[in-house]
Amino acid sequence: MMFGLMQDRPLLISSLLDHAEQYHSATEIVSRTCEGPLVRETWSSLAVRARKIAQALIRLGVKPGDRVATLAWNTHRHLELYFAVSGMGAVLHTVNPRLYPEQIGYIVNHSEAKVLCFDIPQAGLVADLLPELGHVQTLIALTDAAHLPDLPGCLAYETLLGAEDGAYDWPVFDERTASSLCYTSGTTGNPKGVLYSHRSTVLHSLIACQSDGLQLSSRDSTLLVVPMFHVNAWGVPYASALCGAKLVLPGPKLDGASLWDLATTEGCTFSLGVPTVWLGFLAHMDQTPGLDATALKLRRIVVGGSAAPRAIIERMRDMGIFVIHAWGMSETSPLGTIGNLLPKHDALPVSEQVDVQVKQGRAIWGVSLRLVDDDGAVLPQDGSVSGNLQVRGPWVTSGYYRAEGGPAVDAEGWFTTGDVARIDSDGYVQITDRAKDVIKSGGEWISSIDLENAAVAFPGVAEAAVIGLPHPKWQERPLLVLVRKPGADPDPADVLEFLSHRVAKWWLPDAVEFVDELPHTATGKIQKTKLRDQFRDYVLPDHH
Ligand code: AMP
């Protein structure tokens with residue numbers, strides 16, 4: 001073997017910001033703040049501020065490898081911390097403020113974060129948690145002196161930043177150094193930390209900017225709806241620096257009206273978020289008389305986190321917006337599969353293109369995928385069978401932080417995702433369920449995702465969830481739980497009739513129930529465990 005003679009420059013997150021500062025200096029970063037007003041920065045001013053906050057953190061005693069926790073929405077300050085904390089060699093530990101306080105306390109203690117940065121709406125939560133947080137030495141409120149909450153010893157971000165001169169060079173270190181830490185809220189056991197590296201983050205950013213990736217480029221104005229505490233906002237903050245895209249950050253306001261305002265006033269061309277957010281966005285459009293749809297310049301949106309319902313894909317297409325359906329998880333940074341069309345799909349009628357789009361996309365370079373059965377035997381990728389999805393690659397986890405939960409991968413490095421999927425001969429993955437949500441009826445599997453997607457296409461249905469309930473003969477049978485659209489009252493028989501044209505007869509739910517709202521997790525997924533609890537004593541009608 002002979003080594004090549006190319007330069008072994010480490011792949012560091014600071015290089016992304018340096019590039020944006022130099023070559024996209026005037027490109028804007030627009031942020032709604034928790035204080036209210038919009039703030040306009042540029043990649044150049046943001047880079048200076050990131051260096052200043054790095055200087056301030058060093059002055060406060062933060063050392064390489066230390067964890068700096070954030071409890072924050074998508075704002076310019078949070079973005080500055082993304083680059084400052086990782087850039088100086090410390091670890092940015094993003095924490096989801098929507099979790100239960102006990103979970104937040106557990107996570108921050110587990111990471112042993114020394115510094116906790118938080119948005120002012122979280123001040124009450126931080127005050128309550130503080131006595132439990134054994135390792136936090138410094139509290140920084142992401143605001144200025146005028147809005148500083150009344151918490152003992154709490155520092156104001158803008159005051160810290162204002163005291164520095166920005167004369168700081170990002171250190172150079174091994175690209176495998178940890179850069180950020182994000183906990184998955186597992187449904188069983190304690191949350192587990194996924195620890196990303198500079199190398200994994202930079203490689204992942206390159207994928208986001210590929211034409212067959214998220215197609216992100218300097219031509220985009222990105223409305224970053226997916227929270228920066230949810231798997232590094234799907235890597236888009238870093239990727240935006242890599243390609244010099246404009247970023248529009250919605251702060252704490254993720255309702256349809258607020259997103260509509262930002263998207264239209266900031267000329268957003270690209271956005272990304274979970275299906276629930278898009279349902280809210282479309283509902284706002286439907287409920288606002290006289291709204292001018294031509295004001296919307298969006299051309300691509302990434303939908304992930306849960307399956308993108310066909311109804312969303314079609315509605316968006318009607319408005320000239322292509323839904324890039326993507327699949328991933330905290331453990332995969334998160335990009336695993338990305339749903340672009342192949343040249344051979346161009347000539348297909350729209351409905352058949354949508355058939356491709358409802359799948360979760362194809363493997364991208366870097367992510368190897370395979371399906372195995374319950375005994376670990378490898379299954380074919382020809383669309384004929386579904387099995388347990390396993391992944392491997394340079395931005396897939398090799399184990400959880402502090403080895404929580406034991407080994408995360410097998411001897412060959414395969415990580416079992418917990419998702420059940422099919423992979424067709426073109427490589428498109430179709431997630432049929434979480435392994436624990438799949439409905440086992442008479443030895444066959446019913447996909448709750450397919451049923452839910454079909455049900456939300458029924459007029460008058462706002463949201464749908466399907467759970468399996470015990471059945472004496474079939475082991476389990478599906479119950480369909482629906483949320484009505486305002487003013488609508490869909491007839492269950494009509495819904496079932498509608499479904500009968502879209503799914504196999506034996507998949508049809510045994511009953512339909514209505515609720516005012518469905519329980520959601522802190523990242524917007526329907527919380528099936530809670531729903532199953534809610535319907536624990538429900539008895540399905542016996543018509544089999
Ligand atoms: P998280 O780590 O919280 O992002 O959750 C990851 C899980 O979300 C995956 O294992 C899937 O079960 C689910 N998920 C993510 N994207 C999709 C998608 N496009 N369709 C269906 N499920 C998805």
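## Domains, a helix and salt bridges in a predicted model

Between domain 2 and domain 3 there are zero salt bridges. The model described here is predicted. The domain assignment of the protein chain gives domain 1 as residues 13-253, domain 2 as 367-434 and domain 3 as 439-534.

**The interface of domain 2 and domain 3**

The C-alpha centres of domain 2 and domain 3 are 26 Å apart. The size of an interface is often given as the accessible area lost when the parts come together. For domain 2 and domain 3 this buried area is about 470 Å², with 47% of it on carbon and sulfur atoms. In domain 2, the residues that lose the most area to domain 3 are Ile431, Thr432 and Asp433, together 61% of what that side buries.

**Salt bridges**

Side chains of opposite charge can pair when their charged atoms come close. The count of salt bridges comes to 30. Three of them are set out below.

| Pair | N to O distance | Location |
|---|---|---|
| Glu21 and Arg51 | 3.0 Å | helix α1 and helix α2 |
| Arg40 and Glu28 | 2.8 Å | strand β2 and strand β1 |
| Arg310 and Glu314 | 3.1 Å | both in helix α12 |

The pair of Glu21 and Arg51 links distant parts of the chain, 30 residues apart. Arg51 is buried, because its relative accessible area of 13% falls under the 20% limit for that class. Arg40 and Glu28 also link distant parts of the chain, twelve residues apart. Here Arg40 is partly exposed at 44% relative accessible area, and Glu28 is partly exposed at 27%.

Arg310 and Glu314 are four residues apart, about one turn of helix α12. Arg310 counts as partly exposed at 23% relative accessibility, and Glu314 is partly exposed at 33%. Elsewhere, salt bridges that share partners join Glu35, Glu41, Arg49, Arg77, Glu80 and Glu158 into one network.

**Helix α12**

Helix α12 covers residues 310-318, and its buried residues are Ile312, Ile313 and Met316. Seen down the axis of α12, these buried residues fall within an arc of 100 degrees, so they line one face of the helix. They pack against α11 (275-287), β13 (300-303), β14 (322-328) and α13 (350-357). Gly320 follows α12 and has a positive phi, near 80 degrees.

Thr138 is placed in strand β6 (residues 138-141). Thr138 counts as buried, at 11% relative accessibility. Apart from neighbours within four places in sequence, Thr138 is in contact with Leu60, Lys114, Val115, Leu116 and Leu155.

Ala454 belongs to helix α14 (residues 448-456). With a relative accessible area of 9%, Ala454 is buried. Leaving out neighbours within four places in sequence, the contacts of Ala454 are Phe498, Leu499 and Arg502. Val495 is 41 residues from Ala454 along the chain, and the C-alpha atoms of these two residues are separated by 9.6 Å.

Note on methods. Residues numbered from 1 in each chain as written. Predicted model: local features only at pLDDT ≥ 70, side-chain atom pairs only at ≥ 80, totals over all residues. Heavy atoms only, no water. Buried < 20%, exposed > 50% of the residue type's maximum accessible area, 1.4 Å probe, protein only. Helix = DSSP H or I, 4+ residues; strand = E, 2+ residues; numbered from the N terminus. Arc of directions from axis to C-beta. Contact = heavy atoms within 4.5 Å. Domains from an automatic or database assignment. Buried area = accessible area lost by both parts, 1.4 Å probe. Salt bridge = Lys/Arg side-chain N within 4 Å of Asp/Glu carboxyl O.
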